[in-house]
Every structure is written in C-alpha cells, then in structure tokens.
Amino acid sequence: MFINKERLRRRIDAINEASRDPQGGYTRLAFSEQDREARRMVEELMREAGLEVEHDAAGNIIGSYKCGDLAGYVAAGSHIDTVRNGGPFDGLLGSIAAIEALQCAREQRVPLKHPLRAIVFADEEGARFGSGLIGSKSIAGIPLPQPLDSYVDRDGVHLVDALKNFGIAPEKVLNAAAPKDTYSAFLELHIEQSAVLEQRQKQIGIVSGIKGVYWIRGSFTGEANHAGGTPMNMRHDALAAASKLVTEIYRIGCELGNEFVATVGVLKITPGGINTIPGHVEYTVDVRDLDMARRSEGIRQILKAAEEAAAFYHVSHEHSCIKDEASCNMDSSVMKILEEVCRDNKTNYMILPSGPFHDTLPMASLCKTGMIFVPSIGGISHSPRENTNWDDIYQGTEILYRALIRLAQ
Ligand SMILES: [Zn+2]
C-alpha cells in the first residue's frame, strides 16, 4: 500500500474529536463554529501535505499540488460538514483521503503530467439551511434553486449572515465558478450509505451514476365529518385514499426493480381527531432512478394510482412537482480506470448506482467524474451509528490514490 494509513486515521480522528457531540456522534453543521474549527484544521493539513491553499468565493477550501506540463487539474474531494449527530466518515473520509492521496504523490515524487487538487466543498449536506451542495454548485456555476437570502436555519439565522460571518460575500458566491478546462477529472471517495456492498461482501463500489431525484407534493381533499354519525357509504375519506396510494407506491417500486425507489415520507392528516373522518391529507413522494425513462414510467404509474384512489373514495386529488433533477452517469473511461486499479490491487469490487446525491453531481457538469464507495456497516448513515471498517477505509483511499495518479499521468 502506498498511502500512509496511520496518518490518515490520526487526521480523521482528530477532526472528529474536535466536533464530538454530547448528544452522540459528531456535529459540524455548515458555517457553524464546529465547521470553522474543522476548516481551520483541514487547511493546516493541506499545508502539512505541501499543498498551496486558497479559498474560493463560495468558501470551498482548495489545496493544489502544481506539477506536470499539462493544464487541467485532476481533483479529488468531498465535504466536512455533517448532519446533526452524524457519523465519523460521511464527507470527512473523502476530504482527508484526497489530501492523503496528494501528499502521497508529492512525497513519492510520482512523475505526473497534470497538476492535482484536493477540494473540501462548503455546505454539502444542507442540514442547516436546507439547500446543500452550495460549494460544488458554485464551482460548477449552478445557482441554488432559491435566492440566497431566502434560506434561514431553525434558529432564525439567515444563510447570507452565516456566509458573511465566514468572510464570504453572498453576492459573489458564483464567482467561484471554475473557468472551462480548469479540471480534467474529479474523483470522490465516500461511504456507501446503503448495505449493498456489505451484503455482497465487496470492499469497493465503483459508482455507475447518481440517481435523479423527483419530488411530488400532493393532497387528497374529501370532507371532515363525524366518525360516529356518517355511514361508511356516505364518506369522503381523504386518508383512505392516501393509504391506498401509499401501498400502491410500494407495489410500483417493487415491480419496477431494484434501482427504482419511491418513498412516501410525509403524511399530514387534517383535522386529525380520533372521532373525525380525515377531510384533507397532504403527502410527499421521493422518486429516484438512474434510468430516466423508467423513472418517468414510475411517476406516471404513481399519478395514475393517485387518481384511481381519489375516484374510489370520492375525494379530489391535486399534485405538483417540487424537485426534478436528472440522473447523472459517471464517465465510462474513469470507471474503467477504477476497475483496472481494483484488479491490480486485488481488491474485490462491484459496480452500483448512488441513491444519495454528492458533490460529484455538480462537478460532472465540469469534467469527467468517478466515485468510489466503501461499505457502510449495516447500511447506516446520517446517524451516530454510521461506521466503516478501517481496513475498507484504507483500501478506498489506496484506490483513490492510484486512480488519481493514473488520471494525471
Ligand atoms: Zn456525504
């Protein structure tokens, strides 16, 4: 192994230790004091690794190893912000592994044609302000879906003020947009956040693409009435219709196959009394797939099922789409390199899609991209119980290092 295991582990542990949450796990919400401290530590590590450190206009931390005669950075990175009470590796692994990979290339004086970059993206999770991917979208020149001044955290702090507090001018965030050809390739190492690798007993997942997210917000409207006085055949029960839809969505998800997933995450029942027929139910559906045609088919079946449920229970139905993001395929030449590197290193791997989004998604609009997954124990993430075996962490970092070198040579 080329990477320095002990150094990698020490750095990850140190940053986690500084943001240990008394309620469990680690909390580094974006632009919080814990985030500030972690960012300071990351910058120090980048300098220790011999990288030139800079901040861009969106608060991304960029460490460059300038080598080679060709333009176009071969970059790697991830985020260091977390959800509340997050685990040790979500984001932090890919950030520190990128620094390790660059330090390793520098120390071993590997001859390279392209310069290297480690990027620690600002606010990936969106756990505080609800948007997420602020840093990576800004590098890709993609504005956030809403105006910056509309984002507020649960304590009433505005995103624009949190940015200013970190020395970031909100009106200049998109100045971080990277000119064309700045990057020739981007790789991200990340925990899987699912249990597929563990079940299949693979140490590495090579990501084929990131599933496109589609969110539906809908409602059934019937008539609230007395639960005792209204005969069953005279009701307009909005919850009965919603329940039928929930089970239909489950069936559609199972029928369309493994990579298609659909989830009802919210049901709001009004008025919500023990002796009252529900007159109104609001629901949400999260639909994802890598295959956009299959996703459209799933959405079509879900909306048809909603109309049928409404007709069956004599209620009305309304719906709208509140998010529609296309899926994104990883670059096939990068996937091939990752496969070769796994084979050379005798690491067992499999190819799989990513359900969650990552900083790689916006980066894919700038250059060719690839992602490496390591197993999440029990498939758990966004929880203090998130964990990955250190052996898998080392293998993932080694594969990241070798693939970066291959891309830069
Ligand atoms: Zn993450």
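A crossing is left-handed if the near helix is turned anticlockwise from the far one by less than a right angle, and right-handed if clockwise. In this sense H7 passes H8 in a right-handed crossing. The model is predicted: local features need pLDDT of at least 70, side-chain atom pairs count only at pLDDT 80 or more, and totals for chains, interfaces and linings use all residues. Residues are numbered from 1 along each chain as its sequence is written.

Helices (H or I, at least four residues) and strands (E, at least two) are DSSP runs, numbered from the N terminus. The axes of H7 (residues 238–256) and H8 (residues 292–312) come within 9 Å and cross at roughly 155°; axes are lines fitted to C-alpha atoms, for helices over the stretch in contact, with angles from 0 to 180 degrees between N-to-C directions. H7 is therefore roughly antiparallel to H8, a label for angles over 145 degrees.

An open sheet has four strands in the order E9-E11-E7-E12, with antiparallel pairing; two strands pair if DSSP finds at least two bridges between them. E9 (261–270) and E12 (316–324) are the edge strands, each with a single partner strand, so one side of each lacks a neighbour in the sheet. Within the sheet, E7 (residues 212–221) and E11 (residues 280–289) pair over ten bridges, and Gly212 stands opposite Asp289 in E11.

H7 packs on this sheet, touching E7, E9 and E11, where contact requires C-beta atoms, placed from the backbone, within 7 Å. H8 lies across E7, E9, E11 and E12, running at about 160° to E11.

Note on methods:
Parallel < 35°, antiparallel > 145°, perpendicular 65-115°, else oblique. Contact = placed C-beta atoms within 7 Å.
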